[in-house]
Amino acid sequence: MGKWTRRAFITGGVLAGGALILGVAIRRGDKSEVVKGMIASDDETVFDIWLKISPDNSVTAIIPHAEMGQGVHTSLAMMLADEMDADWDKIKVMEAPAHKEYANYALGKGFMLQGTKIPSFLVGTVDGAFLKIMQSMNMQITGGSTSVRTTGMHGMRVAGAAAKATLLKAAAKEWGVDESSLRAEKSMIYDDANNRSASYAELAPKAAGISMPANPELKKPEEFKIMGTSPQRLDIPSKVNGTASFGMDVALPNMKYATIKASPVFGNTVKSMDASAAESMKGVHKVLNMDKAVAVVADGYWTAKQALNKVKVDFGETSNNSVIQADIYSNFAKAMDDAVANGEQEEDFESGDPEGALASASKVIEAEYKIPYLAHAAMEPMNCTAWIHDGIAEIWTGTQNPLGVAAFAAEFLEMDEENVKVHNQFLGGAFGRRAQNDVVEQALSIAKELDSPVKLIWSREEDMQQDFYREAATSRFKGGIDENGKASVWINQYVYKKEPAEASHIPYSIANTYAHYTDFETHIPWGPWRSVAHSKHAFFTESFIDEMAAAQEQDAYEYRKELLADNPRFLKVLETAAEKANWGKELPKNWGRGIAIHESFGTIVAEVAEVEVKEDGKVRVHKVVCAADPGFAVHEDGFKSQIESGVIYGLTAAMYGEIKIDQGKVAQSNFHDYQMIRMNEAPEIEVHIINSGEFPGGAGEPGTPAIAPAVTNAIFDATGTRIRELPINLQKIKLEDRQLSSNE
């Protein structure tokens with residue numbers, strides 16, 4: 001058995017335990033024997049840390065992102081396989097373990113450099129710097145629609161191309177020919193002139209002493225063979241046959257079950273507790289006072305839940321106990337007024353002379369919008385299994401940041417990180433919720449009290465009432481029209497500047513703009529929700545631009561088109577959506593058509609919604625036509641699915657989503673009062689992809705922001721009722737208010 005040394009990692013390759021680690025194409029000098037042991041068996045060849053080759057000539061892509069239904073295990077494997085000219089039928093995937101080597105250096109690099117080419121001699125230094133930054137933050141995160149555009153573009157493609165280049169060199173050396181005379185195809189290297197060939201598996205060990213290129217030549221789009229197609233997603237079979245393992249599926253010998261109830265008013269603590277009735281129940285092992293929550297451990301979840309219901313607990317009271325939703329909106333308004341009165345606005349962006357232009361405008365339009373708190377409403381209830389034994393801690397859960405979980409657990413347990421093992425599982429939805437560690441902390445706290453594994457399961461009610469919510473918010477606008485009837489002023493004030501910073505920006509050519517904001521603290525926990533701040537700002541900005549069009553009695557599409565004349569990429573997306581939706585075509589009575597466009601995470605999406613408003617004011621969304629420019633869609637079918645999913649998610653929130661605060665706590669408790677769009681309510685959705693050739697954007701979130709304004713603008717088209725507060729189902733919509741309808 002060869003001995004692994006740091007120098008060997010850096011200079012070429014080393015044989016250890018029969019498993020071979022080749023070169024360092026992505027991160028110079030950042031290999032470790034620990035990682036090799038995590039990802040490879042003795043007879044496998046490991047190229048870097050993101051791919052390995054097995055004796056059967058299969059290639060395994062090691063994916064540093066969680067599969068949460070977005071198809072990332074497939075799209076990233078496609079990017080690696082295409083650059084490698086690997087046989088797609090022999091591609092396998094493995095989710096990377098929680099380890100600092102898998103900190104998403106490509107994520108940081110992607111955000112900071114935005115596709116900027118780095119000279120070869122600097123690649124190692126730059127990659128190393130970003131790796132250290134992300135390692136220090138324990139970021140192995142899946143979120144922000146980053147996987148393809150960061151890890152895929154900066155990691156997987158480079159790894160695949162570097163591996164192929166190294167295999168070609170190995171073959172050329174073996175056969176004594178120039179590598180330019182060889183070709184790679186479907187995991188084979190061919191020497192056509194001499195009628196011979198070898199598989200990647202045969203050549204891999206021979207490449208041991210060959211350095212991998214740090215900045216290999218990548219394929220041009222016209223050379224793609226796998227990217228841009230739609231092979232069956234690799235995660236689908238296991239989800240169909242039931243072998244896919246989610247956190248809820250974890251079962252360990254002698255495992256106990258726990259459930260929990262936290263203070264309904266966020267932040268309050270246990271003042272008194274009587275657990276005698278619960279503790280006397282058969283099958284109950286422990287009732288734990290966890291300061292801000294009470295937990296019960298039993299032989300099964302049902303027993304634990306029944307026992308929890310018998311615990312008498314007083315969480316005490318603070319000033320937060322009297323807070324109601326109306327107070328929060330009132331406080332927003334006061335904070336916004338005070339900021340302006342005191343000159344304490346936080347500037348977002350500014351151009352021209354907005355106040356001067358507003359003073360001289362021939363027409364001024366003003367509007368105020370409100371949105372409520374939203375929950376994630378995870379399909380798979382929040383859960384975590386923990387077992388502390390023999391000096392180590394093992395954690396089974398579905399998390400968007402396994403490295404973050406490992407680091408958190410190590411600190412929480414005062415344990416070395418190498419003694420924490422995270423078994424990441426498939427994620428059953430939630431889109432931002434599973435990046436939080438609160439459930440992990442609770443599971444570890446309970447596990448410390450036991451000598452067996454324990455699975456903590458939250459009830460639906462606990463999940464609905466103890467989430468990290470998308471914030472409620474208020475946004476105010478003033479728009480000016482000049483003497484020529486053109487939009488000349490855009491002034492926007494809103495509460496809360498959340499990520500990403502550009503979410504409030506508009507693509508329209510308006511000479512005088514000013515956006516500013518005010519932060520205001522509440523006791524309601526905030527967390528990233530699908531598309532983060534884009535979901536609220538798209539509703540605000542695309543509703544108000546519609547109001548400006550209506551004020552000029554102009555067609556909403558034509559108005560936007562005019563303002564996007566200098567923004568050709570946006571214009572093409574807008575025109576495509578309108579064309580595919582037959583914009584202007586007559587609709588049935590009481591129907592309306594609305595349009596909205598928004599860029600998020602590098603992808604521009606325009607949506608046209610067709611709605612029907614019933615006689616009783618209820619709204620039915622019949623059809624949504626989407627045009628999307630992601631630069632390039634790696635997996636076209638998967639991209640369309642993500643846009644469709646984003647539309648449904650955003651439509652649910654627009655139609656029904658409201659978390660209301662009453663007496664300091666969340667009023668909603670389950671799906672009966674936090675309604676989802678049902679299958680019979682789902683509209684027909686068309687998605688039209690524009691591969692513009694720009695640097696790839698995201699897919700998982702860009703479908704969400706535009707749907708709320710597209711629907712509310714359609715309601716205005718049908719009725720003349722302008723929806724300025726969500727959700728839609730709580731607003732009074734009257735057909736007799738009809739104005740500017742396309743039907744008339």
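Guide: The crossing of helix 13 and helix 14 is right-handed. The model is a predicted one.

Visitor: At what angle do helix 13 and helix 14 pack, and how far apart are their axes?

Guide: The angle between helix 13 (residues 402-413) and helix 14 (residues 438-447) is about 40°, and their axes are 11 Å apart. Helix 13 is therefore oblique to helix 14, since angles under 35 degrees count as roughly parallel.

Visitor: Which residues of helix 13 and helix 14 meet?

Guide: From helix 13 come Val405, Phe408, Ala409, Phe412 and Leu413; from helix 14 come Val440, Glu441, Leu444 and Ser445. By class, the residues of this contact between helix 13 and helix 14 are seven nonpolar, one polar and one charged.

Visitor: How do helix 16 and helix 20 pack?

Guide: Helix 16 (residues 534-551) packs with helix 20 (residues 707-719) at about 30°, their axes 8 Å apart. Helix 16 is therefore roughly parallel to helix 20. The crossing of helix 16 and helix 20 is right-handed.

Visitor: Which residues make the contact of helix 16 and helix 20?

Guide: Helix 16 supplies Ala538, Phe539, Glu542, Ser543, Asp546 and Ala550, while helix 20 supplies Ala708, Pro709, Thr712, Asn713 and Phe716. The contact of helix 16 with helix 20 divides into six nonpolar, three polar and two charged residues.

Visitor: Which residues are in contact with Met548, leaving aside neighbours within four places in sequence?

Guide: Met548 is in contact with Ile365, Gly479, Gly480, Ile481, Ala487, Val489, Trp490 and Tyr559.

Visitor: Is Asp463 buried or exposed?

Guide: The cut-off for buried is under 20% relative accessible area. Asp463 has a relative accessible area of 4%, so Asp463 is buried. Asp463 has its place in helix 15 (residues 460-465).

Visitor: What does Asp463 touch, not counting residues up to four places away in sequence?

Guide: Asp463 touches Ala377, Ala378, Met382, Arg433 and Trp458.

Visitor: How far is Asp463 from Ala718?

Guide: Asp463 and Ala718 are 255 residues apart along the chain, and 37 Å separates their C-alpha atoms.

How values were computed. Residues are numbered from 1 along each chain as its sequence is written. This is a predicted model: local features need pLDDT of at least 70, side-chain atom pairs count only at pLDDT 80 or more; totals for chains, interfaces and linings use all residues. Side-chain values use heavy atoms; hydrogens and water are left out. Axes are lines fitted to C-alpha atoms, for helices over the stretch in contact, and angles run from 0 to 180 degrees between N-to-C directions. Helices (H or I, at least four residues) and strands (E, at least two) are DSSP runs, numbered from the N terminus. Angles under 35 degrees count as roughly parallel, over 145 as roughly antiparallel, 65 to 115 as roughly perpendicular and the rest as oblique. A crossing is left-handed if the near helix is turned anticlockwise from the far one by less than a right angle, and right-handed if clockwise. Contact means heavy atoms within 4.5 Å. Ala, Val, Leu, Ile, Met, Phe, Trp, Tyr, Cys and Pro count as nonpolar, Asp, Glu, Lys and Arg as charged, and the others, Gly among them, as polar. Buried means under 20% relative accessible area, exposed over 50%, partly exposed in between (1.4 Å probe, protein chains only).
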